[in-house]
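Visitor: I have not looked at this one before. Can you take me through some of it?

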Amino acid sequence: GKEKYVLEMALAGYKKSEIEVEVQDGILSIEGEGPEGKEDFVHKGIAMRAFKRQLQLSEYVECTGAKLEDGMLKVELTYNPPEDKRAKKIKIA
């Protein structure tokens, strides 16, 4: 719908326990931990290092949930302004 959004982030190789999603003061933070042990590879296709991404949420946007499936993190956002801030249609007489 017009008031629901999904933010998708590819996180192949990460486990749910290695990812943290948090909203504080209108800032959505997504943080991932890298593996503890360092293994030797000749070539590794997917980088598994720690990361942190932060996004400023617009006013009246709320994070309603997050799920990790098939290597994709999906963060659900809802735009919920107060009634007096919503757009109103005016009928033409």
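Guide: One term to begin with: two strands pair if DSSP finds at least two bridges between them. Also, this is a predicted model.

Visitor: Fine. How many bridges join β3 and β4, and in which sense do the strands pair?

Guide: Six bridges, in the antiparallel sense; β4 covers residues 51-56.

Visitor: What sits between β2 and β3?

Guide: The two strands form a hairpin with two residues between them. Aspartate 25 is in that loop, and its phi is positive, about 55°, although it is not a glycine.

Visitor: Is aspartate 25 buried or exposed?

Guide: Exposed, because its relative accessibility is 71% and the cut-off for exposed is over 50%.

Visitor: What is leucine 28 in contact with, leaving aside its neighbours within four places in sequence?

Guide: The list includes Leu7, Val21, Val23, Leu55, Leu57, Cys63 and Val75. Leucine 55 is 27 residues away from leucine 28 in sequence, yet the two C-alpha atoms are 5.1 Å apart.

Visitor: New topic. How many salt bridges are there?

Guide: Four. One of them joins glutamate 3 and arginine 86, with the closest N and O atoms 3.1 Å apart. Glutamate 3 lies before β1 and arginine 86 after β6, so this pair ties together parts that are 83 residues apart in sequence.

Visitor: Which residues are linked with Arg86 in a network?

Guide: Glu3 and Glu83 are linked with Arg86 in a network of salt bridges. For arginine 86 and glutamate 83, the closest N and O atoms are 3.7 Å apart. Glutamate 83 is exposed, at 61%, while arginine 86 is partly exposed, at 26%.

Visitor: What does glutamate 69 form a salt bridge with?

Guide: Lysine 74, with a closest N to O distance of 3.8 Å. Glutamate 69 is partly exposed, at 38% relative accessible area, and lysine 74 is partly exposed too, at 23%.

Note on methods:
Residues are numbered from 1 along each chain as its sequence is written. This is a predicted model: local features need pLDDT of at least 70, side-chain atom pairs count only at pLDDT 80 or more; totals for chains, interfaces and linings use all residues. Side-chain values use heavy atoms; hydrogens and water are left out. Contact means heavy atoms within 4.5 Å. Helices (H or I, at least four residues) and strands (E, at least two) are DSSP runs, numbered from the N terminus. Buried means under 20% relative accessible area, exposed over 50%, partly exposed in between (1.4 Å probe, protein chains only). A salt bridge is a side-chain nitrogen of Lys or Arg within 4 Å of a carboxyl oxygen of Asp or Glu.
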